[in-house]
Structure formats: structure tokens, C-alpha cells
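Hi everyone, thanks for coming. I'd like to walk you through one structure today, so let's bring it up on the screen.

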Amino acid sequence: MDVGSTGMHAKPCGLLNVAGYFDPLLTFLDHAVSEKFVRDVHRAMVVVEHDPAVLLSRFESYDPPRVVKWLNAGTI
């Protein structure tokens, strides 16, 4: 299944990281990946830029990853 068929949206999620404001959040997300709480492919879905024009440009060219669902309803 890809992103579209899991019920998740395929829109980019972006952070305008002016003056490093979101650095602590990004450090947390990277830690979550290292602890295997978040997959690399999901972490990569967060588009981070310091320049608004570059962020918007990346939104325009965003191609969501094709991710297989990792949890099925009723398994937890």
C-alpha cells in the first residue's frame, strides 16, 4: 500500500527553521529514528529549510514516498 491508500495524506509537512528555532524538534525526531520509534522514510517526509522561497519550491516538487503500512487495524 502506498501513502494514498493508507488514509494518510500525501501532502508535504514543512518546517521553516529560521535561526534554528526547530533544531530541538529535529534532534528529537532524529533520536526517535535512532531508537526505532520512527522510520527513516517517515522522518524524511518533514521538509526543512531556512529560506521560505526554497521551502515553497520543495513543496512544489514534493513526491511522497511509497510506504507500506506497518500497522494493521486490530493488531494493537
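Let me start with one side chain: arginine 43 counts as buried, at 16% relative accessibility. By buried I mean under 20% relative accessible area, while exposed is over 50% and partly exposed is in between, using a 1.4 Å probe and protein chains only.

Before I go on, a word on what we are looking at. This is a predicted model, where local features need pLDDT of at least 70 and side-chain atom pairs count only at pLDDT 80 or more, while totals for chains, interfaces and linings use all residues. Residues are numbered from 1 along each chain as its sequence is written, and side-chain values use heavy atoms, with hydrogens and water left out.

So, who is the partner of arginine 43? Its side chain meets that of aspartate 30 in a salt bridge, at 2.8 Å from N to O. A salt bridge here is a side-chain nitrogen of Lys or Arg within 4 Å of a carboxyl oxygen of Asp or Glu. Aspartate 30 sits in helix H1 and arginine 43 in helix H2, so this pair ties together parts that are 13 residues apart in sequence. Aspartate 30 is partly exposed, with a relative accessible area of 40%.

Now let's step back to the whole chain. It has three helices and two strands, and along the sequence they follow the pattern β-α-α-β-α. These elements are DSSP runs numbered from the N terminus: helices are H or I with at least four residues, and strands are E with at least two. Of the 76 residues in the chain, 24% are buried. Among contacts with a separation of 6 or more, 63% come from residues 24 or more positions apart, where contact means heavy atoms within 4.5 Å.

Next, helix H1. It covers residues 23-34, which is 12 residues, and reaches 16 Å from its first C-alpha to its last, close to the 16 Å expected at 1.5 Å a residue. That expected span is 1.5 Å times one less than the number of residues.

Which residues of H1 are buried? They are Leu26, Leu29, Ala32 and Val33. Seen down the axis of H1, the buried residues fall within an arc of 115°, so they line one face of the helix; the arc is that of the directions from the helix axis to the C-beta atoms. Their cover includes strand S1 (13-16), helix H2 (40-43) and strand S2 (46-49). On the other side of H1, Pro24, Thr27, Phe28 and Ser34 are exposed. Just after the helix, lysine 36 takes a positive phi of about 65°.

Let's move over to strand S2, where we find glutamate 49. Glutamate 49 is buried, with a relative accessible area of 19%. Leaving out residues up to four places away in sequence, it touches Leu15, Leu16, Asn17, Val54, Leu55 and Arg58. With arginine 58, the side chain of glutamate 49 makes a salt bridge, 2.7 Å from N to O. Arginine 58 is partly exposed, at a relative accessible area of 36%.

How many salt bridges does the structure hold? There are three.
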